[in-house]
Amino acid sequence: GRAKEEAESIDGPKIQSVDSWYDEPKFIAYWAHQIKQTREKLNTTERENHVVVFLAHSLPERILQVGDPYPEQLEKTAALIAAKADVK
């Protein structure tokens with residue numbers, strides 16, 4: 001994008017963009033680990049009665065209308081993390 005073009009025009013830092021990381025194994029592993037650590041701190045009653053909620057920012061309707069993959073990627077990310085964290 002514009003930042004990369006500007007950096008190149010002034011012989012500045014090289015900018016490398018990440019197109020997609022929603023299923024990056026280390027990203028999934030990190031969040032699964034965080035969930036597991038949190039769940040280990042729960043008492044027996046909490047452990048038997050808790051839920052894990054995955055949240056994300058919303059997108060403008062016009063972005064969704066052009067077929068942005070974010071909603072599907074979010075679902076995949078949540079499923080991968082849940083599986084790795086043994087969330088049922």
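Mentor: A crossing is called right-handed if the near helix is turned clockwise from the far one by less than a right angle, and left-handed if anticlockwise. In this predicted model, H2 passes H5 in a right-handed crossing. Helix H2 covers residues 25–40 and helix H5 covers residues 70–85; their axes lie 8 Å apart, at an angle of about 50 degrees. Because of that angle, H2 is oblique to H5.

On the H2 side, the contact is made by Phe-27, Ile-28, Ala-29, Trp-31, Ala-32, Ile-35, Lys-36 and Arg-39. H5 brings Thr-77, Leu-80, Ile-81, Lys-84 and Ala-85. By class, the residues of this contact are nine nonpolar, one polar and three charged.

Ile-28 can be followed individually. Leaving aside neighbours within four places in sequence, Ile-28 is in contact with Tyr-22, Asp-23, Thr-77, Leu-80, Ile-81 and Lys-84. Ile-28 also belongs to the largest nonpolar core, which has seven residues. In soluble globular proteins, nonpolar side chains tend to be buried together.

The segment after H5 contains Asp-86. This residue is not a glycine, yet Asp-86 has a positive phi of about 60 degrees. Most residues other than glycine have a negative phi.

Technical notes:
Residues are numbered from 1 along each chain as its sequence is written. This is a predicted model: local features need pLDDT of at least 70, side-chain atom pairs count only at pLDDT 80 or more; totals for chains, interfaces and linings use all residues. Side-chain values use heavy atoms; hydrogens and water are left out. Axes are lines fitted to C-alpha atoms, for helices over the stretch in contact, and angles run from 0 to 180 degrees between N-to-C directions. Helices (H or I, at least four residues) and strands (E, at least two) are DSSP runs, numbered from the N terminus. Angles under 35 degrees count as roughly parallel, over 145 as roughly antiparallel, 65 to 115 as roughly perpendicular and the rest as oblique. Contact means heavy atoms within 4.5 Å. Ala, Val, Leu, Ile, Met, Phe, Trp, Tyr, Cys and Pro count as nonpolar, Asp, Glu, Lys and Arg as charged, and the others, Gly among them, as polar. A nonpolar core is a set of buried Ala, Val, Leu, Ile, Met, Phe, Trp, Tyr and Cys residues joined through side-chain atoms within 4.5 Å. Buried means under 20% relative accessible area, exposed over 50%, partly exposed in between (1.4 Å probe, protein chains only).
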